[in-house]
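Here is a short briefing on one protein model. Keep the sequence and the 3D view at hand as you read.

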Amino acid sequence: MLATLTRVKSPRWLSPDILLGYILGQEVGRKELSVLSHSCPPVSAAWRRKVTAGFREVSTSCTLCSKARGNPKKTELSEKKLTRHFIDQRRVRLVAGSGGKGACSFLSEPRKEWGGPNGGNGGDGGSIIIKADRFVKSLAQVVPVYKGEDGQSGGSKNCYGKNGSTTYISVPLGTVIKEDGKTVVDLSENDQEYLAVFGGAGGKGNRFFLSNENRAPLTATPGTAGQERVLQLELRTMAHAGLVGFPNAGKSSLLRAISNARPAVAAYPFTTLNPHVGIVMYRDHEQVAVADIPGIIRGAHLNRGLGLSFLRHIERCRFLLFVLDLSTPEPWTQLQHLRYELDQYEHGLSQRPQAIIANKMDIPEAREKLETLKSLVTQRVIPVSALTGQNTEELILHLRELYDGYLQGAGSGEGKPTKW
């Protein structure tokens, strides 16, 4: 626009009002010219002199000419669009790089008729290494298939092919690598590496086959294919605490209330289809990971409603938080069914350190059901309301007590504790 206006030799024949209307009309469009006459403030004489004096001092500070300021409101992603959920197991196919082909060539220079073979060997294929990284917390970044880099082919003049670069796969600490159901290695130390597949060896050029018996070899071998394996990656510890309950019990809302995690929340069952992990921060900079396990149903140990995959998440939690829905007629029966499903999946799973959380205390009939629940169980019952945040401080303090007990038990010989 300014380049078009600068072609005018002298703008003296243009009145300031006409020139101002032309400039603003180019900015806002022809359709808004009628609005400008009513919305724009009156133009001062000083500003008109600046416009007629030169086009470099033109101001576009009018609200209609300037860009809209302020960040647009970000909408929360739904569960279907949320891809950064926690992944505690992966099945990966690893294919190492193949070796490069060997070259078959002979030296060709003036006055050297019998220069001999000079074909170089091919480069080796790239291997794939699985490496433990303490900054990685989930297997979400691990893709299903990895292909190593192939080695380059050999060339003439005894040039060897370049080896394929090594591919590294970063996994969290405590990742267990299995093959056909058998444990291969446990990556429990930082920067610990496991060479999963070897790259193929490069082929040999005809220079390699030179001998006293064969002075002009024509043989050159291709590179070998890289190793291929299918491995299962599983996390030994998904989180310190796991929220266990039936669908629509308020587990996702509770995780939102005690941590910065933002799982999807809705008024229908099975809103959470994948586990989410939230971090509870304390003043001494200690961090406790709490996992929102998808809701299990009756018969989950028989794989009803993807029960086995959900129960597998609970198995990787060090202590359990049973979330009971006080809006149901008999919430204490939920605790019995949950423990039964856990014991049917793995004997003694329901006997881990635990706490009972009575959720939805904001409803009117919750008080009476809470007293009945306390009279039927011997464990500690923590009444909370994830909707209003009522009594969440007691839950966070009791969560720290369970975490400290887990650290003491792990330090006494049960294994190295997992820290987030």
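This is a predicted model: local features need pLDDT of at least 70, side-chain atom pairs count only at pLDDT 80 or more; totals for chains, interfaces and linings use all residues.

- Glu179 pairs with Arg229 in a salt bridge, and their closest N and O atoms are 2.5 Å apart.
- Glu179 sits in strand E5 (residues 175-179), while Arg229 sits in strand E8 (residues 228-235), so the bridge ties together parts that are 50 residues apart in sequence.
- Arg229 counts as buried, because its relative accessibility is 12% and the limit for buried is under 20%.

**A bridge between a loop and a helix**

- Arg380 and Glu401 also form a salt bridge, with an N to O distance of 3.8 Å.
- Arg380 lies in the loop between helix H8 (366-376) and strand E14 (381-383), and Glu401 lies in helix H9 (residues 392-414), so this pair ties together parts that are 21 residues apart in sequence.
- Arg380 is partly exposed, at 39% relative accessibility.

- Arg400 forms a salt bridge with Asp404, and their closest N and O atoms are 3.0 Å apart.
- Both residues belong to helix H9; they are 4 residues apart, so about one helical turn separates them.
- Arg400 is buried, with a relative accessibility of 17%.
- Asp404 is partly exposed, with a relative accessibility of 29%.
- Asp284 joins in too: salt bridges with shared partners link Asp284, Arg400 and Asp404 into one network.

**The buried face of helix H5**

- Which residues of helix H5 (residues 251-258) are buried? They are Lys251, Ser252, Leu254, Leu255 and Ile258.
- Looking down the axis of H5, these buried residues fall within an arc of 160 degrees, so they line one face of the helix.

- A disulfide is a covalent bond that joins the sulfur atoms of two cysteines.
- Cys104 is partly exposed, at 40% relative accessibility.
- Cys317 is buried, with a relative accessible area of 0%.

Terms used:
Residues are numbered from 1 along each chain as its sequence is written. Side-chain values use heavy atoms; hydrogens and water are left out. A salt bridge is a side-chain nitrogen of Lys or Arg within 4 Å of a carboxyl oxygen of Asp or Glu. Helices (H or I, at least four residues) and strands (E, at least two) are DSSP runs, numbered from the N terminus. Buried means under 20% relative accessible area, exposed over 50%, partly exposed in between (1.4 Å probe, protein chains only). The arc is that of the directions from the helix axis to the C-beta atoms.
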